Amino acid sequence: MLVQIASIVVDFVGGFFVLMLLLRFYFQLLRVPFRNQVGEFVVATTNWAVKPARRIIPSLLGLDLASFLCAWVLQAALLALLLVVAGRDLSSAPGIAAGVLFALALVDLLQLSVKVLLFVVILQAVMSWVSPGNLLQYVLEAITRPLLRPIRRFLPPIANVDLSPLVLILLLLILLVPIAELRHLAGGLF
């Protein structure tokens, strides 16, 4: 019972910071403004890791590599900690274990990215009906606009109803299938 509680706490706290670091990376990538409550919260919760990392890790082609690498390393450390809490021994082949953990962490980040985007698309669609013009609506629109724009070119609104979020949701759900299979295959190594 204590192992389960420890795993839940570690996964929850670590997952929160991984999510914030990943959001910071995507906010920079998609040019989402940080001058709002969501952006300021993301920056405030990730500065402890990103500021020191930026001294060592430069940006590349406008990509905030420091945020992404911090998320990747933290996810790998989180996986290792969860395995140790569960009683797994990683010391027999530490090099292989580290490689597998970093590969799993990368797959987990990809899966988390797709799930977050799925959540954002659904939330944006609901908020556009319930509370258009809300401050959060502008942040959500900035995140989804680059992905919805190509779909809108092929699927214009029908009777003033934009179906592009439904198409994007379907594509994201389809994308989750091979990612989950990859995670399952890679996770079987432990």
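Aspartate 162 is partly exposed, with a relative accessible area of 29%; the class partly exposed lies between buried (under 20% relative accessible area) and exposed (over 50%), computed with a 1.4 Å probe on protein chains only. Aspartate 162 forms a salt bridge with arginine 152, the closest N and O atoms being 2.9 Å apart. The model is predicted, so local features need pLDDT of at least 70 and side-chain atom pairs count only at pLDDT 80 or more, while totals for chains, interfaces and linings use all residues. Residues are numbered from 1 along each chain as its sequence is written, and side-chain values use heavy atoms, with hydrogens and water left out.

**Overall build**

- The chain has six helices and zero strands; these are DSSP runs numbered from the N terminus, a helix being H or I with at least four residues and a strand E with at least two.
- The C-alpha trace spans about 60 × 35 × 35 Å along its principal axes.
- Of the 190 residues in the chain, 35% are buried.
- Among contacts (heavy atoms within 4.5 Å) with a separation of 6 or more, 67% are between residues 24 or more positions apart.
- The chain exposes about 11400 Å², of which carbon and sulfur atoms supply 73%; accessible areas come from the Shrake-Rupley method with a 1.4 Å probe, and for residues only the protein chains shown count as cover.

**Salt bridges**

- The structure holds four salt bridges, a salt bridge being a side-chain nitrogen of Lys or Arg within 4 Å of a carboxyl oxygen of Asp or Glu.
- Side chains of opposite charge can pair when their charged atoms come close.
- One of them joins arginine 183 and aspartate 108 at 2.4 Å, N to O. Arginine 183 lies in helix 6 and aspartate 108 in helix 4, so this pair ties together parts 75 residues apart in sequence.
- Within that pair, aspartate 108 is buried at 10% relative accessibility, whereas arginine 183 is partly exposed at 24%.
- Another joins arginine 145 and glutamate 141 at 3.5 Å, N to O. Both residues are in helix 5, and because they are four residues apart, about one helical turn separates them.
- Arginine 145 is partly exposed, with a relative accessible area of 35%.
- In the pair of arginine 152 and aspartate 162 (2.9 Å), arginine 152 belongs to helix 5 and aspartate 162 to the loop between helix 5 and helix 6, ten residues apart.
- Arginine 152 is partly exposed at 30% relative accessible area.

**Helix 1**

- Helix 1 covers residues 2-29, and its 28 residues should span 40 Å at 1.5 Å a residue; the end C-alpha atoms are 40 Å apart, which agrees. The expected span is 1.5 Å times one less than the number of residues.
- Its buried residues include Ser7, Val10, Gly14, Val18, Leu22 and Phe25.
- The cover over the buried residues of helix 1 includes helix 2 (37-56), helix 3 (65-85), helix 4 and helix 5 (135-154).
- Met1, Leu2, Ile5, Val9, Phe12 and Val13 form a nonpolar surface patch with about 700 Å² of accessible area together. Patches use residues with over 30% relative accessible area and no salt bridge, joining like charges within 9 Å and nonpolar side chains (Val, Leu, Ile, Met, Phe, Trp, Tyr) within 5 Å.
- Valine 13 lies in helix 1 and is partly exposed, with a relative accessible area of 42%.

**Serine 113**

- Serine 113 lies in helix 4 (residues 94-130) and is buried, with a relative accessible area of 13%.
- Leaving out residues up to four places away in sequence, serine 113 touches Leu22 and Tyr26.
- Its side chain makes a polar contact with the side chain of tyrosine 26 at 2.9 Å. A polar contact is a pair of N or O atoms within 3.5 Å; within protein, one must be able to donate a hydrogen and the other to accept it, and residues adjacent in sequence count only if both atoms are side-chain atoms.

**Loop residues with positive phi**

- Most residues other than glycine have a negative phi.
- Arginine 31 follows helix 1 and has a positive phi, near 60°.
- Arginine 31 sits in the loop between helix 1 and helix 2 and is exposed at 62% relative accessibility.
- The side chain of arginine 31 reaches the backbone oxygen of glutamine 28 at 3.1 Å.
- Alanine 159, not a glycine, has a positive phi of about 55°; alanine 159 is exposed, with a relative accessible area of 71%.
- Asparagine 160 has a positive phi of about 65° and is exposed at 80% relative accessibility.
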